[in-house]
Amino acid sequence: MRNIMDDLKKDLEIPDIVNKKADEAFNKIKAECEGREKGSIVDMKPKKYHTKRITVLVAAVVALCAVTAAAAVVRWSHSLSEGLQASEEQMKQLESSGMNTFVEQPCTVNGVTVTAVQSITDNYYTHIAFRVEGYKTDEGVQPEFESIDVTVDGMDDFGYSASFWNGTVSDNNGKAVNVNGEKIKTDENGRILWNYVMDDGSMEFQMILFCREDQRGYFIGKDIHVELGGLGVVTGKIDHTTEVDGTWVFDWTLGGADTTRVCEMDQPLEDTGAVIKRLEISPISIVAEYDFPRQTVVEECIEENGEMGTFERYAEPPVVKGVKLKDGTVIKYLYGGPGGGGYDGAAGSKYVTKNAADRIIDPDEVESVLFLKDYTQWKDIDSPEFIEVELNK
């Protein structure tokens, strides 16, 4: 800001006495800006200046000051605050830990502004939120980008999910509810009418990136490049109609921090043959490591000719589905996707699963973890059979 002041002085050829007055005004205004940013109050008595040039100069300083003060007030995206059901305390914790990064990087193409708002990053996952302004869809019509290209440090060896946020969250029993408390709307045929447009007319697009391999800290501190192309709507089950051509491009550096609670154990999961060896719980994900000897199961499938056939695959251990908190709260379905699991290597019995959480959790408040005993029960959300594993105290 001081350099800009010097340039303005040179251009306007302000006399020394006026320069002195300007410096006094600048210092007081600067002090007021810093005071506002720190939450303090600066006593600043108004003075009258009768020189047009100094008025222009101070006006420029005030404008710059307003920008500085505004930059200090950055809000969370709706999809990462309301969508992840984060409390004020949890948001402050993520900011102070370094997991949260405010980006606020806008890109305008053909009248539509897409802004990279923020990212939240742990050892294996990163959540990213974009705000979309200048384009919206009717109620029940799903918006979508036709193409998505994401690289981290120039690589794309990771998985991700991406979608526009529809204003709903899951309750502790896995049922979808509106964040505003209103009942989810349906049409005359009972089809859910998702609402992607927020009260201010904007929409939010969210991405979740996850590291497939066992590389702790994969995303932390890395440069990310995102290209979103062809904004439009979903038509039918898989078709897309582009309504705004163009590509919105973003580059920034992910923050991130290791705030994981690690629990080592040797806990058999009842009679399933799986033994939990390690749990890594962060505010946005849970990673589980098992000892699970390989075994195959045979399942039916429909062959290309339409006839019934069979195929073999490895059996899966009980997967993490929920948690019980120290205050007695039970969250049956914490999974927010994406995630996955598999054996570590071509041989051996080490099996690892990674799951993104559908809300912010405090790892230190988790008393026990709930495993779904039989993976075939994943659709039976009303009466699942869980195995509860208490954590190390």
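View 1. Let's start with E213, which counts as partly exposed at 48% relative accessibility. Please keep in mind that everything here comes from a predicted model. E213 sits in the loop between β8 (203-210) and β9 (223-235). Together with D149, D156, D157 and D214, E213 forms a negative surface patch.

**View 2. Two cysteines, C211 and C263, and their cover.** C211 is buried, and its relative accessible area is 1%. C263 counts as buried too, with a relative accessibility of 2%. How many disulfides does the structure hold? The count is zero.

**View 3. A salt bridge between two loops, E270 to K373.** Here E270 pairs with K373 in a salt bridge whose closest N and O atoms are 3.3 Å apart. E270 belongs to the loop between β11 (261-268) and β12 (275-282), while K373 belongs to the loop between β20 (366-372) and β21 (386-390), so this pair ties together parts that are 103 residues apart in sequence. Is K373 buried or partly exposed? With a relative accessible area of 24%, K373 is partly exposed.

**View 4. A salt bridge between two strands, K324 to E367.** The closest N and O atoms of K324 and E367 lie 4.0 Å apart, and the two residues form a salt bridge. Since K324 is in strand β16 (residues 319-325) and E367 in strand β20, the pair ties together parts that are 43 residues apart in sequence. K324 is partly exposed, at a relative accessible area of 25%. E367 is partly exposed as well, at 28%.

**View 5. K373 again, now with E385.** E385 also forms a salt bridge with K373, and the closest N and O atoms are 3.6 Å apart. Both E385 and K373 lie in the loop between β20 and β21, so the pair ties together parts that are 12 residues apart in sequence. At 40% relative accessibility, E385 counts as partly exposed.

How values were computed. Residues are numbered from 1 along each chain as its sequence is written. This is a predicted model: local features need pLDDT of at least 70, side-chain atom pairs count only at pLDDT 80 or more; totals for chains, interfaces and linings use all residues. Side-chain values use heavy atoms; hydrogens and water are left out. Patches are made of residues with over 30% relative accessible area and no salt bridge: like charges are joined within 9 Å, nonpolar side chains (Val, Leu, Ile, Met, Phe, Trp, Tyr) within 5 Å. Accessible areas come from the Shrake-Rupley method with a 1.4 Å probe; for residues, only the protein chains shown count as cover. A salt bridge is a side-chain nitrogen of Lys or Arg within 4 Å of a carboxyl oxygen of Asp or Glu. Lys and Arg count as positive and Asp and Glu as negative; His and the chain ends are not counted. The place of a charge is taken as NZ of Lys, CZ of Arg, CG of Asp or CD of Glu. Helices (H or I, at least four residues) and strands (E, at least two) are DSSP runs, numbered from the N terminus. Buried means under 20% relative accessible area, exposed over 50%, partly exposed in between (1.4 Å probe, protein chains only). A disulfide is a pair of cysteine sulfur atoms within 2.5 Å.
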